[in-house]
Amino acid sequence: MARRLRFNGTGSGDNGCPAVHEDLDTGEIVIHGTPLTDPEDVGQLQHLGEGEAPIVVPRELLVDFGPKEVTRTPRIIDLDDFGKLFEKFEHTAWRLETRRRFASDEATDTYAQFVAGEPVQWDYDHPWCTNVRTQTEQGKRIERVRIVDNPPTTGQLYLLNNAKRNCDVGEDIRNLWRADADRLRLPAEDFWLFDSKFAALLNFDDDDNLLNVELITEPVAVNRYLQVRDAAWHYAVRYDTFAAGLTT
């Protein structure tokens, strides 16, 4: 079975070499770069086993994109503390939303209205909307990219309907087809980025209930999420443009 490799970063600008990848299942690190071929150089290496290939990479590559801990202990916060992050951030809150459904959505009156084909009575005074207005009036940005299957799931269509309200109160929501997300090798993780300083990884159970949130502050990991954000934001389109394309 093929490894599940995650791209951590590269030290080059254009040619993609050298680079660091991480095995998501074993934690092993895969590095590729320029092979060391000079016999005199190779002869100085100790413990070089048969079949092993020495390579040369810049020191900065390992410093910037290699793991900083042998084992990582997750820093978990509860949902109350997670909610407070949306009041304390300084300039940007950005989300990649990858799931096909949310149990919390399906428990709402608005979801029942949507499924029944009725006009959805969105609450513009919902606490989320009130806070979005408060934050964006200070010049802060709240943005997200929602991944959509083809055909979209009921939950994804519900959130596409919801996007107008959220954008009316200050969010900027864009959508991206899952096929494009896969082409870009975006992760399946659902996360928020706050001020480009740390990530909040959302953990769900098997029934799509949000359980808790892991705060990620390791620079290498945060940098990886920032690269995901840049790629997703570049290729995603505004929710209204995306929705219009569903009916053509």
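Q: Which residues of helix α3 (residues 79–88) are buried?
A: This is a predicted model, in which local features need pLDDT of at least 70, side-chain atom pairs count only at pLDDT 80 or more, and totals for chains, interfaces and linings use all residues. Residues are numbered from 1 along each chain as its sequence is written, and side-chain values use heavy atoms, without hydrogens and water. Helices are DSSP runs of H or I with at least four residues, strands runs of E with at least two, numbered from the N terminus; buried means under 20% relative accessible area and exposed over 50% (1.4 Å probe, protein chains only). In α3 the buried residues are F82, L85 and F86.

Q: Within what arc do the buried residues of α3 fall, seen down its axis?
A: On the other side of α3, D80, E87 and K88 are exposed. The arc is taken from the directions from the helix axis to the C-beta atoms. The buried residues line one face of the helix, because they fall within an arc of 95°.

Q: Which residue caps the N-terminal end of α3?
A: A side-chain oxygen of the capping residue lies 3.2 Å from the backbone nitrogen of D80. The residue that caps this end is D78.

Technical notes. Polar contact = N/O pair within 3.5 Å; in protein donor to acceptor, adjacent residues only side chain to side chain.
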